[in-house]
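Q: Hi! Could you walk me through the structure that comes next?

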Amino acid sequence: MSNKKNEAKQSPLMNNVKALAFPLLSILISIFVAVFFVIWAKPEFTLLDYPKAFVDLFENIWSGAFGKTKKTLDTLIYVTPLLFTGIAHSLAFRTGLFNIGVEGQFVLGMLGAALVGMIPGLPMFIHIPLMILAGIVFGGLWAAIPGYLKAKIGANEVVNTIMMNYIALYLINYVVLRTAFGIPNAAKTYNIAASAQVPKIMADLSRGSWAIAIAVLFAILAYILLWKTTIGYELRAVGINPHGAEYGGINIAKNTVLSMVISGAIAGIGGAMQVAGTAHNVTDYVSLPGYGFDGIAVALLAKNNPIACIASAILFGALRASSRTLQINGIPKEIISLIQAIIIIFVAIDFVYRWLGKRKKKGAIVNG
């Protein structure tokens with residue numbers, strides 16, 4: 001009885017601190033482990049030079065991502081798509097779905113935005129919203145297919161979305177290389193109109209654009225959707241306990257499709273902003289760009305909270321942006337992938353620990 005009272009007395013601040021503790025610990029441990037590989041890669045370091053190697057790694061990551069105004073703005077180029085894909089994953093995860101197809105939905109959003117962006121003669125205040133709408137339609141419809149199959153026949157969304165990633169890849173390559181939208185012998189589409197381009201923050205210094213502001217706006221909107229609306233309540237209820245939600249009158253099939261559509265739409269908007277803010281065209285792809293896959297790590301570290309995805313995307317974007325600086329200073333760029341992998345492992349351990357804790361509580365209740 002006293003334990004229940006103590007739990008009730010815990011403040012929201014204390015709960016938030018506890019929620020943040022494990023992600024922060026995973027980041028620190030990942031850097032701690034990565035330093036040993038820095039020592040291994042640089043002959044001038046020994047194990048006794050660990051503190052020096054730690055400082056060297058941190059300074060290179062910081063200077064590569066935020067060392068100058070230009071580098072800070074360049075980092076936003078990586079942060080923006082990661083924030084969109086992280087939000088997309090968090091929305092699907094909250095409904096108990098594993099939308100591996102965010103990658104394909106992202107590039108389909110790029111394609112849709114590029115096609116709309118070529119329309120001439122539109123004012124900016126119409127053209128940019130049309131590109132966002134194109135991202136919503138292309139990404140949302142692409143995600144609706146595996147969502148519908150999951151809801152109607154129970155088809156595994158992981159398998160279907162993985163396959164659809166590659167269908168999206170070859171569809172884009174076909175449009176770029178085989179249709180009138182692509183420049184002959186250039187392996188890319190024509191550039192979007194100037195009115196479709198999101199303004200740069202400092203055009204003379206970096207390609208970093210105000211698309212980051214749109215990404216932050218959608219993070220806030222996604223949070224409001226999940227925690228302040230009936231739709232969000234139903235999506236979360238399905239993710240927590242689908243059988244209980246169905247018993248309470250919530251339509252599981254409808255919310256499964258809806259969750260996938262919203263997730264795909266957010267990913268599609270991310271692709272649209274990639275074209276509008278940075279790329280201004282679509283090229284053919286030998287392989288997928290990877291933002292959708294990295295978005296999984298962003299969402300997991302943020303514990304599927306769209307607002308927390310902002311900080312998580314900044315972290316992973318900074319790691320991506322600093323890889324060149326690391327190479328220049330003799331540190332293999334694979335260190336970045338190592339740090340990301342360790343972070344994901346420790347976040348996964350946290351999920352397993354919580355799952356075991358819940359199982360233990362259920363066992364205690366049954367035995368009691």
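Q: Let's start with Asp-56. Which residue does Asp-56 form a salt bridge with?
A: Asp-56 pairs with Lys-42, and their closest N and O atoms are 3.2 Å apart. A salt bridge here is a side-chain nitrogen of Lys or Arg within 4 Å of a carboxyl oxygen of Asp or Glu.

Q: Where do those two sit in the chain?
A: Asp-56 is in helix H3 (residues 50–66), while Lys-42 is in the loop between helix H2 (12–41) and H3. They are 14 residues apart, and the pair links distant parts of the chain. Helices are DSSP runs (H or I, at least four residues), numbered from the N terminus.

Q: What kind of model is this, by the way?
A: This is a predicted model: local features need pLDDT of at least 70, side-chain atom pairs count only at pLDDT 80 or more, and totals for chains, interfaces and linings use all residues. Residues are numbered from 1 along each chain as its sequence is written, and side-chain values use heavy atoms, with hydrogens and water left out.

Q: Thanks! Back to that pair: is Asp-56 buried or exposed?
A: Asp-56 is buried, with a relative accessible area of 17%. Lys-42 is buried as well, at 9%. Buried means under 20% relative accessible area, exposed means over 50%, and partly exposed is in between (1.4 Å probe, protein chains only).

Q: How many salt bridges are found in the whole structure?
A: The search finds 6. One of them joins Lys-150 and Glu-157, at 3.2 Å from N to O. Lys-150 is partly exposed at 30%, whereas Glu-157 is buried at 6%.

Q: What about Glu-234, which residue is its partner?
A: Glu-234 forms a salt bridge with Lys-254, with the closest N and O atoms 3.7 Å apart. Glu-234 lies in helix H9 (residues 230–240) and Lys-254 in helix H11 (residues 252–279), so this pair ties together parts that are 20 residues apart in sequence. Glu-234 is buried at 19%, while Lys-254 is partly exposed at 46%.

Q: And which residues are joined into one network?
A: Lys-42, Glu-44 and Asp-56, through salt bridges that share partners.

Q: You mentioned H11. How many residues does H11 have?
A: H11 has 28 residues and reaches 39 Å from its first C-alpha to its last. That is close to the 40 Å expected at 1.5 Å a residue, where the expected span is 1.5 Å times one less than the number of residues.

Q: Why is H11 described as largely enclosed?
A: Because 21 of its 28 residues are buried, H11 is largely enclosed by the rest of the structure.

Q: What happens just after H11?
A: There, His-280 takes a positive phi of about 65 degrees.

Q: New topic: where is Ile-100?
A: Ile-100 lies in the loop between helix H4 (69–94) and helix H5 (102–117). At 8% relative accessibility, Ile-100 counts as buried.

Q: Which residues does Ile-100 touch?
A: Not counting residues up to four places away in sequence, Ile-100 touches Val-158, Thr-161, Ile-162, Asn-165, Phe-293 and Ile-296. Contact means heavy atoms within 4.5 Å.

Q: Last one: is His-127 buried or exposed?
A: His-127 counts as buried, at 0% relative accessibility.
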